[in-house]
Amino acid sequence: ATRAFSPAATIQSARTSRPTAHTPRSSPTELCAETDASVDRQPWDAVRFIRQSARFIRPPNPFRTAGTAHVVKPGDVIWSAGNGDAGEAIGPKMAWAPLDDVVMGGASSSEFDNTTGMWGGTVSSSNSGGFVGIRTTPFDPPLDMTGCQGIELKLRGGDGKRFKAVVRDSTEFNGVCWTSSFDAARSRNGGTTTVRLPLDRQVPTIFANTVEGKTFKANNVVGFQLAYSKFEYDGGLNGKFELGDFSLQLVEVRAY
């Protein structure tokens, strides 16, 4: 089955509770801490923080020259499980790795297998956390997707939970996330589901807060990301989120 996700209703429900212009915005971590005085505290895993975050930081290099962007055409397979850097997949070598709430002091954890595309782990509210994610290492050269309408994710599992997909047009570690929410199917027979995410309906966010005045650079796509979080947008909660174990299989990423 193929489904096109429209974020309008989801974003609208979150925006009805957005802070007014004169109210300082809080990050999801701050909001969680403010509303739960009895937050469970666990030792912070600094080693895991360094191991995860270091994969995605590109140190300044005055001698690096930007490569010519790889042009992606509709129908191109950008990544597929077990075949991420050869064969049918196109573009630069691509690998996914976890980026969980340990980067903000949390205790949630997940693992991703690039061979099978299986992503799974445990989401915890300890230390005011509540999200897990996977992210690709920065693309070099970038992808030029100006001729594409969007991205298709072929998925298996997910148990009806709501996830976020992110496209990045900057190598900044905490740069703008071009975000689309989608609901995983409740599959009873182990089949796959294809979700379409239009590029022109992405929501620019930073730390799950929407930002304005941004323009998506489709000719400079440098990374993808998936997240499973208790927060949706601007402090609104994800109504299809549960603490505890989760799993989702990413089978393929394709342009359309």
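E232 is buried, at a relative accessible area of 4%. Buried here means under 20% relative accessible area, exposed means over 50%, and partly exposed lies in between (1.4 Å probe, protein chains only). This is a predicted model, in which local features need pLDDT of at least 70 and side-chain atom pairs count only at pLDDT 80 or more, while totals for chains, interfaces and linings use all residues. Residues are numbered from 1 along each chain as its sequence is written, and side-chain values use heavy atoms, with hydrogens and water left out.

## Salt bridges

The structure holds nine salt bridges. The criterion is a side-chain nitrogen of Lys or Arg within 4 Å of a carboxyl oxygen of Asp or Glu.

| Pair | Closest N to O distance |
|---|---|
| E232 and R162 | 3.4 Å |
| R254 and E252 | 3.1 Å |

E232 pairs with R162. This pair links distant parts of the chain, 70 residues apart: E232 is in the loop between β15 (223-229) and β16, R162 in strand β10. Helices (H or I, at least four residues) and strands (E, at least two) are DSSP runs, numbered from the N terminus. R162 also counts as buried, at 14% relative accessibility.

K217 lies in the loop between β14 and β15, and D169 in the loop between β10 and β11 (177-183), so the pair ties together parts 48 residues apart in sequence. K217 is partly exposed at 40% relative accessibility. D169 is buried at 4%.

R254 meets E252. R254 is partly exposed, with a relative accessible area of 22%. E252 is buried at 10%. Elsewhere, salt bridges with shared partners join R162, D183, E232 and K240 into one network.

## Nonpolar core

In soluble globular proteins, nonpolar side chains tend to be buried together. The largest nonpolar core in this model has 39 residues. Such a core is a set of buried Ala, Val, Leu, Ile, Met, Phe, Trp, Tyr and Cys residues joined through side-chain atoms within 4.5 Å. W119, M145, L153 and F224 have the most contacts inside the core. Strand β16 (residues 244-255) gives the most to this core, with five residues.

M145 shows the packing in detail. Leaving out residues up to four places away in sequence, M145 touches V72, I78, G150, I151, L199, A218, N219, V221, F224 and A255. A contact means heavy atoms within 4.5 Å.

Seven strands form an open sheet, with antiparallel pairing, in the order β4-β7-β15-β10-β11-β13-β14. β4 and β14 (209-210) stand at the edges with a single partner strand each, so one side of each has no neighbour in the sheet. Two strands pair if DSSP finds at least two bridges between them. Strand β13 (residues 203-206) and β14 pair in the antiparallel sense over two bridges. T205 has T210 in β14 as its bridge partner.

Helix α3 (residues 46-53) has R48, Q52 and S53 as its buried residues. Seen down the axis of α3, these residues fall within an arc of 115°, so they line one face of the helix. The arc is that of the directions from the helix axis to the C-beta atoms. V47 and I50 are exposed on the other side of α3. What covers the buried residues includes β4 (96-98) and β5 (109-112).

## Backbone geometry

D140 and P141 are joined by a cis peptide bond, with omega about 10°. P141 is in the loop between β7 (131-136) and β8 (143-144).

Two non-glycine residues with positive phi deserve a look. For N127, phi is near 60°. N127 lies in the loop between β6 (118-123) and β7, and is buried at 5% relative accessibility. For D234, phi is near 55°. D234 is in the loop between β15 and β16, and is buried with a relative accessible area of 6%.

## Confidence

The protein averages a pLDDT of 83, and 77% of the residues score at least 70. pLDDT is the predictor's confidence in each residue, from 0 to 100. Confidence is highest in strand β10 (residues 162-168), at a mean of 98, and lowest in helix α2 (residues 28-35), at 45.

Two stretches stay under 50. Over residues 13-26, where pLDDT is under 50, the model has 15 contacts beyond four places in sequence. Over residues 28-37, also under 50, there are 13 such contacts.
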